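These are my notebook entries on a single chain, set down in the order in which I looked things up. The sequence and model come first.

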Amino acid sequence: MTRADVAAMLRAAQMHHINEHVTGMLLQAGDTFLHYFEGPKAKVQPVAAQLKNDSRFTGVVTLAEGPLTRRLYPHWSLAFQEITGPTTRLGALNGILERALTSDPDELRAAAGSDALLHRLWTECAAGLPR
């Protein structure tokens, strides 16, 4: 996917998130994307289904889902961060994704204390994003 493709996809997703009252973040590391989104279940489930059925993506995996007591990113329709180079953030993303993708989802959630592992990823990788 080219930078122009990603930019167009991001703009469309941001508008869709605004219209559906969904918030979240999209991280990109090379050809790997990590999309976190939150909102009412009736709005979030169609977004997840659309991603799984989108021919631009392969290997779409739901790492965690469930209720939150509050939104983690209430002001971001869809923040974006590209992670490049051999940085700490790229290492954190790769390590967390590797662990998440090779673990049983129920065991991962139990080991992480609900969705704490994913929240840590967002916190670490989004540190440079404007609020």
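Where is the place of Asn 19? I found Asn 19 in helix H1, residues 3-20; helices (H or I, at least four residues) and strands (E, at least two) are DSSP runs, numbered from the N terminus. I note that this is a predicted model, in which local features need pLDDT of at least 70, side-chain atom pairs count only at pLDDT 80 or more, and totals for chains, interfaces and linings use all residues. Residues are numbered from 1 along each chain as its sequence is written, and side-chain values use heavy atoms, with hydrogens and water left out.

I looked up the accessibility of Asn 19 and found a relative accessible area of 52%, so Asn 19 is exposed. The terms are these: buried means under 20% relative accessible area, exposed over 50%, and partly exposed in between (1.4 Å probe, protein chains only). Thr 2 lies in the segment before H1 and, at 44% relative accessibility, counts as partly exposed. The C-alpha atoms of Thr 2 and Asp 31 are 9.8 Å apart, although the two are 29 residues apart along the chain.

Entry: helix H1.
I checked the span of H1: its 18 residues reach 25 Å from first C-alpha to last, close to the expected 26 Å at 1.5 Å a residue. The expected span is 1.5 Å times one less than the number of residues. Which residues of H1 are buried? I list Val 6, Met 9, Leu 10, Ala 13 and His 17. Seen down the helix axis, the buried residues of H1 fall within an arc of 105°, so they line one face; the arc is that of the directions from the axis to the C-beta atoms. The face turned away from this buried side carries the exposed residues Ala 4, Arg 11 and Asn 19. I then asked what covers the buried residues of H1, and found that the cover includes E1, E2, H2 and E3. After H1 comes His 21, with a positive phi near 60°.

Entry: strand E1 and its partners.
Seven of the seven residues of E1 are buried, so this strand is largely enclosed by the rest of the structure. On one side of E1 I find Thr 23, Met 25, Leu 27 and Ala 29, and on the other Gly 24, Leu 26 and Gln 28, all of them buried. E1 pairs with E2 in the antiparallel sense over seven bridges, where pairing requires that DSSP finds at least two bridges between two strands. Within this pairing, Leu 27 stands opposite Leu 34, and Gly 24 has Phe 37 as its bridge partner. The two strands form a hairpin with two residues between them, and Gly 30 in the turn has a positive phi of about 65°. With E3, E1 pairs in the parallel sense over four bridges.

Entry: Gln 28.
Is Gln 28 buried or exposed? At 8% relative accessibility, Gln 28 counts as buried. Gln 28 stands opposite Glu 82 in E3. Neighbours within four places in sequence aside, I find Gln 28 in contact (heavy atoms within 4.5 Å) with Val 6, Phe 33, Phe 80, Gln 81, Glu 82 and Ile 83.

Entry: nonpolar cores.
A nonpolar core is a set of buried Ala, Val, Leu, Ile, Met, Phe, Trp, Tyr and Cys residues joined through side-chain atoms within 4.5 Å. The largest has 10 residues, among them Leu 34, Tyr 36, Leu 63, Tyr 73 and Trp 76. E1 and E2 each supply at least two residues of this core, and E1 gives the largest share, three residues. I also record a second, separate core of six residues, including Met 9, Leu 10, Ala 13 and Leu 78.

Entry: the aromatic pair.
I looked for ring pairs and found one. Rings of Phe, Tyr and Trp (its six-membered ring) pair if their centres lie within 6.5 Å; planes under 30 degrees apart count as stacked, over 60 as edge-to-face and the rest as tilted. The rings of Phe 33 and Phe 57 have centres 6.2 Å apart and planes at 70°, so the pair is edge-to-face. Phe 33 belongs to strand E2, while Phe 57 lies in the loop between helix H2 and strand E3, so that the pair links parts of the chain 24 residues apart. With a relative accessible area of 23%, Phe 33 is partly exposed.
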